[in-house]
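Please keep the sequence and the structure at hand while reading.

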Amino acid sequence: MVRDSANDIDLQSATIAVYNEKDSTLLGYRLTNGLGEFHITGLPVGISLKVVASFIGYQSRSVTFKISPGGLSNLKPVYLQRSDRQLKEVTVLAHPPVRMNGDTLEFFSDAFSLYENAVVEDLLTKLPGVTVWGDGTITINGRKVNQVLVNGKPFFGGNTNVAIKNIPKDAVEKVQVYQQQGQSGITQDSLTNVNIQLKKHKSAGFFGKLAAGYGTRERYEADANMNIFSTRSELGIVAGLNNVNKIAGNVSDLIENSVYKSTGVSMDYQPDFSMQGTNRPLSGGVIFRHDFISNPNAYNNNRLTATYFLRDNTLLNLRETSTITLLGGDSIQLKDNNRHAKQSGTIQDLSIRYDKKKDFKSYFISTKINSRQDRNFYSEVQNNFLNDTSKLTSISNKEEEVDSNIRKFSLETGFNKSKPSLKPADIDLKYSLSIDSDRNSRSRVNDFFSLDDPAENRNFNRLYQRRGNDMSHQLWASFGDLLKWIPADRNFMPGLSLKIQNSLSIDTRNERNIVHDIHPQDGNLVLNRNLTNNISTLLLNEQPALLLVKHFSRSLPDRYSKDWVISLNLQTQYYHQRSRSDQAFQNITRSYQKGTPGIFLNYSNFQVGEFRDNFKLGFKLSSEYPTIEQLAGLVDSSDQYFIRQPNRALRETERKEIKFSFQHSSLRSRNSLGYEFDIRAGVLDNAFSDSILIDNLGRGTYFTTNMDGNSYLNANGKLTMALKLTDHQIQFAPSAGIELSKSPSYINNERNFSRNRTGRFGLMINYTLMDKLAVYLENGVTLYTSRQEGANGNLFRNSNQFNRLAVSTNVTRKLFLGSNITVNRSTTSSFSPFTFTLWNTNIAYRFMKSDNLEVKCSALDLLRQNRSIINYGNNIMLTRGTANVLQQYFIVTVSYFPRKFGKNGN
C-alpha cells in the first residue's frame with residue numbers, strides 16, 4: 001500500500017517497480033488502485049529485491065525485501081513525502097517504467113532493455129496490457145487503438161506500421177496512452193489513442209529504403225523511398241515498379257511496403273499470388289505535412305497536408321469459366337466462357353487539406369483532383385448448352401475495345417463548434433462540391449450463331465461515343481443541443497438533448513451518347529437512333545431530422561460506470577428526380593416523400609480494472625428509389641446473352657432493419673480476453689428483383705421489377721484472446737459468421753424464391769517467442785448453399801477453404817528464415833473438387849552494425865501448383881472457373897535502409 005506521509009491518505013495510480021537489487025534488472029511493475037494497493041506476481045524467490053514507489057509531486061522511496069520459498073511477501077505501507085522544495089542531493093534510482101500523468105498513462109522507453117536495433121513495435125510487445133496482433137492491430141487492455149501518433153501528430157499519413165516498424169526504440173522518450181472523447185461525449189464512445197513521444201534531440205531525421213530484385217522468368221521488383229521529418233514538417237518521396245503483382249492503391253501503401261522491420265510472419269510483404277492475371281505496375285508519389293504550431297494536440301492544431309499519387313499499370317487476364325443457370329422445371333443452362341483481356345491505364349490523384357482547431361472550434365478545407373485514362377481490349381467466346389453438355393445451342397464471339405478518360409475535381413469544407421456549456425448550441429457544418437467529366441469511346445463486334453436455326457444468327461459491329469459532365473452539391477448541418485436554452489432549475493428532464501439536422505444533396509448530369517452501326521457491305525457508318533440521345537438529369541435528396549437523445553448514468557469512483565443512451569431520430573426524406581431527353585420516353589419527373597425514422601439504444605458497463613461491455617440496439621426505416629436507367633434506359637441488344645430492359649412502372653423499395661451488437665473487452669493487463677457479436681436483419685417491401693426470360697438459345701432478357709418477400713439476416717461473432725507467459729505470447733482469434741437471405745425473382749414468368757445461406761468460419765493463432773520465433777496459423781472456410789423454391793427445386797452448393805502456416809525465425813540478430821504454406825480447396829455442385837498448395841520461403845541477412853543492408857533470397861510457389869479458382873454463387877446461378885496467375889519463380893533482392901534519428905542517429 002502507498003500513502004501520503006503527511007495526510008495519511010491513499011495514493012491512487014502511484015508507480016510501483018520491482019528490481020533485482022544486485023543488477024537493477026526490472027522484474028515487474030504496477031499502478032496502485034483506488035485504495036493505494038498493488039499486487040505483483042511472478043517474482044523470483046529467495047533473492048534480494050527492491051521495490052521503488054514514485055508519484056508525481058512526491059519523493060520516490062525504495063524498500064528492500066525478500067520472498068521466502070513457498071511464502072507471500074506482504075510489505076508494510078510505503079509512505080511518500082511531498083517534494084515541496086528542491087533537494088540538494090538527488091539519487092536517481094531508475095527510470096520509472098510507468099506512471100499516470102493526469103488522464104494519460106505513460107511508459108518510459110529507457111526502463112525497458114531491448115537489443116540495439118529494436119524498433120517501437122518491439123517496445124510495445126513488452127508493455128503490460130498491450131498486444132500487437134498478427135494482422136497489425138494494436139489493443140490495450142482489450143480495446144482497439146484508434147490511432148498511433150508521433151509527437152502528437154500523424155506520422156507520414158497516420159499509418160501505424162510506418163511509425164512502429166521504423167522508429168528506433170532508443171529515439172523514444174515515452175509511450176503515452178489516453179482516451180479521446182468521442183462525438184457523443186459519453187464514456188462508452190471514447191477512443192483509445194497512443195502517442196509516441198520522441199526525445200527532443202531525436203525529433204528530426206530521415207529514413208527510407210532503396211531496393212532492387214531480379215529473378216527467374218524475368219521477374220523484377222524495385223522500390224525507392226525517402227522520408228524526411230522535423231518537429232513541424234514531413235516530406236516523403238516514394239516510387240516502385242514490379243511485375244510480381246504488388247499493387248499499391250496510394251502513397252501510404254508504398255511507404256508501408258518500405259519499413260525497416262519487415263521480418264516476421266506477415267503476408268503483406270509477399271507478391272499477391274491470389275490476384276487474377278499478371279500486372280506490371282509503375283507507381284510513385286509524394287506526401288507532405290506541415291504544422292504551423294509547435295505542439296499540436298487533439299484540441300489545438302493548425303496543419304497542412306498534401307499527397308500526390310501516380311500509377312501506371314498493364315494487366316493481362318485470361319479466364320475460363322462455366323456458369324450453371326436454373327431455367328425452371330428441370331431445365332438447366334450451362335454457359336462456357338473463354339475471355340482474354342488486356343488492360344492498361346494511368347491514374348493520378350492530388351489531395352490538399354488544411355485543418356485548424358483551437359479549443360472547441362475546428363475548421364477544414366480540402367480539394368482533390370483525380371484523373372484516370374484507360375485503354376482496354378478483350379475478346380470473348382461463349383458456348384451455350386441446354387440441360388447437358390451434349391446439346392450445344394448457340395455460340396457468341398465478341399471483341400471490344402474501350403478508351404476512357406475521366407477527370408474529377410472536388411472541394412470540401414467544414415466548421416464545427418462544440419463545447420459542453422456552449423450556448424446557443426453546438427454547430428456542425430459541411431459542404432462539398434464535385435465536378436466530374438468522362439469521355440468514353442468504345443467499339444464492339446459480336447457474332448451470335450444459333451446451331452438450331454440460322455435465321456436467329458445476329459451480327460453487330462458498333463461504335464459508341466459518350467460524353468458526360470456531372471456536378472454534385474452536398475450540405476450537412478447540425479444545430480443543438482437546443483435544450484441548453486432552458487435554465488437548469490426549469491429543466492424537467494436533465495440528460496435530455498435535442499438537435500436539428502439536415503442533409504441536402506443536389507446532383508446533375510448532362511450526357512451525350514452517339515452510336516453508329518458499321519454497315520456489313522460497304523463499311524459506312526449508320527447512326528443508331530435508338531441508342532443515340534442527349535439527356536440531362538437532376539436528383540435532389542433532402543433529409544431533415546430532429547435528434548432527441550436521453551442519457552442516464554450511474555457511477556462509483558474507481559469502481560464502475562454505467563451509461564444508458566436512448567436516441568430517437570425523427571427523420572423524413574424528400575426525393576426528387578427529373579430527366580429531360582430527346583428520346584421522349586426518357587422524360588421523367590418523380591417526387592417522393594417518406595418518413596425514415598430510427599430509434600437506438602446504447603448501454604455501457606465499465607468495471608474499473610476488470611472489463612467493459614457495450615450493447616447497441618437499433619431500428620431504422622429507409623427507402624431506395626429506382627434510377628433513371630432502371631425506369632427508362634436505352635436498350636442495347638448487341639450482347640444477346642444479356643439484354644437489360646427498363647421498367648417504367650418500377651416503384652420505390654422500403655426497408656425495415658434492426659441491428660444488435662455486443663462487445664466485451666477485458667481490462668486486465670496481462671491476459672486479455674475480448675469477444676463481440678453483431679446481428680442485422682431486415683425486410684424489403686417492393687424489393688428490386690429480376691424478372692428473367694431465357695430462351696433455348698441462352699438469350700436472356702432482364703427486367704427489374706418490384707416483389708415482396710425479400711428478407712435477410714446476417715450474424716457475426718469473434719473472440720480474441722492474448723496470453724503473455726514470460727517470454728512467450730499466444731494470440732487466439734476464432735470467428736464465425738452466417739448470412740441468410742430470401743430473394744424473390746421471376747424465371748420465365750414463374751415465381752421463384754432463392755433461399756441463400758453463406759457461412760464463414762475462421763481461426764487465427766499467432767505464437768511468438770520474444771523476437772526469436774514467430775508462428776502464424778490461419779484457417780478460413782466459406783460455405784454457400786442456394787435452394788430454389790417455385791420455378792424449380794434445385795439445390796446449389798459450393799465451398800472455399802484454405803489452411804495457412806507461416807513460420808519466421810531469427811537464427812541470429814542478422815539472419816532470418818521465413819516460410820509459409822497455404823493449402824486451398826474448392827468444391828462446387830456438378831464439378832470436381834479442386835485442391836492446390838502454395839509454398840513460399842525466403843532467407844535474409846542484414847549487414848552493417850545498424851542492420852541497414854539486407855540481401856534476401858526468395859523461392860515462391862515451390863511446388864508450382866498455384867491457381868486462381870473462380871467459385872461463387874448468386875441466386876439461380878453458380879459459376880466455376882480458373883484464371884492465369886503468378887507461378888513459380890526465384891528472386892534475389894538487395895535492400896538498403898538509410899536512416900537517421902537526431903544528430904547522432906544511425
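How many residues lie between S16 and S17 in the hairpin that they form? In this predicted model, the hairpin of S16 and S17 has 3 residues between its strands.

- Strand S16 covers residues 220-229, and strand S17, residues 233-242, pairs with S16 in the antiparallel sense over 9 bridges.
- Within that pairing, Phe229 has Glu234 of S17 standing opposite.
- Strand S15, residues 205-215, also pairs with S16 in the antiparallel sense, here over 10 bridges, and Phe207 stands opposite Asn227 in S16.
- S15 and S16 likewise make a hairpin, with 4 residues between the strands, and Arg217 in its turn takes a positive phi of about 60 degrees.
- In a regular strand, side chains alternate between the two faces of the sheet.
- In S16, the covered face holds Glu221, Asp223, Asn225, Asn227 and Phe229, while Tyr220, Ala222, Ala224, Met226 and Ile228 make up the uncovered face.
- Two residues of the covered face return in the pairings, with Asn227 opposite Phe207 and Phe229 opposite Glu234.

**Strands around S11**

- Strand S11, residues 143-150, is joined in the antiparallel sense to strand S10, residues 138-140, over 2 bridges, and Arg143 in S11 is the bridge partner of Ile140.
- Strand S12, residues 153-154, runs antiparallel to S11 and is joined to it by 2 bridges.
- S11 and S12 form a hairpin with 2 residues between the strands, in which Asn151 takes a positive phi near 55 degrees.
- Strand S14, residues 191-198, by contrast runs parallel to S11, and 5 bridges join the two.

**The chain as a whole**

- The chain has 4 helices and 49 strands.
- Its radius of gyration is 32 Å, close to the 29 Å that the globule rule gives for 906 residues, so the chain is as compact as a globular protein of that length.
- Along the principal axes, the C-alpha trace spans about 105 × 75 × 50 Å.
- Buried residues account for 43% of the 906 residues, and the accessible surface comes to about 44,500 Å², with 53% of it belonging to carbon and sulfur atoms.
- Of the contacts between residues at least 6 apart in sequence, 66% join residues that are at least 24 apart.
- There are 108 positive and 85 negative side chains, and the centres of these two sets lie 5 Å apart.

**The loop between S44 and S45**

- Met848 is placed in the loop between strand S44 (834-847) and strand S45 (853-860), and its phi is near 75 degrees, a positive value in a residue other than glycine.
- Asp851 lies in the loop between S44 and S45 as well, and although Asp851 is not a glycine, its phi is positive, at about 55 degrees.
- Is each of these residues buried or partly exposed? Met848 is partly exposed because its relative accessible area is 44%, and that value falls between the cut-offs of 20% and 50%.
- Asp851 counts as buried because its relative accessibility is 8%, which is under the cut-off of 20%.

**A cis peptide bond and a buried leucine**

- The peptide bond that runs from Gly480 to Asp481 is cis, with omega near 25 degrees.
- Asp481 is found in the loop between strand S25 (458-480) and strand S26 (496-518).
- Leu334 has its place in strand S21, residues 331-358, and is buried, with a relative accessible area of 15%.
- Leu334 and Val775 are 441 residues apart in sequence, and in space they are 44 Å apart, C-alpha to C-alpha.

Note on methods
Residues are numbered from 1 along each chain as its sequence is written. This is a predicted model: local features need pLDDT of at least 70, side-chain atom pairs count only at pLDDT 80 or more; totals for chains, interfaces and linings use all residues. Side-chain values use heavy atoms; hydrogens and water are left out. Buried means under 20% relative accessible area, exposed over 50%, partly exposed in between (1.4 Å probe, protein chains only). Two strands pair if DSSP finds at least two bridges between them. The radius of gyration is taken over C-alpha atoms; the globule rule is 2.2 Å times the number of residues to the power 0.38. Contact means heavy atoms within 4.5 Å. Accessible areas come from the Shrake-Rupley method with a 1.4 Å probe; for residues, only the protein chains shown count as cover. Lys and Arg count as positive and Asp and Glu as negative; His and the chain ends are not counted. The place of a charge is taken as NZ of Lys, CZ of Arg, CG of Asp or CD of Glu.
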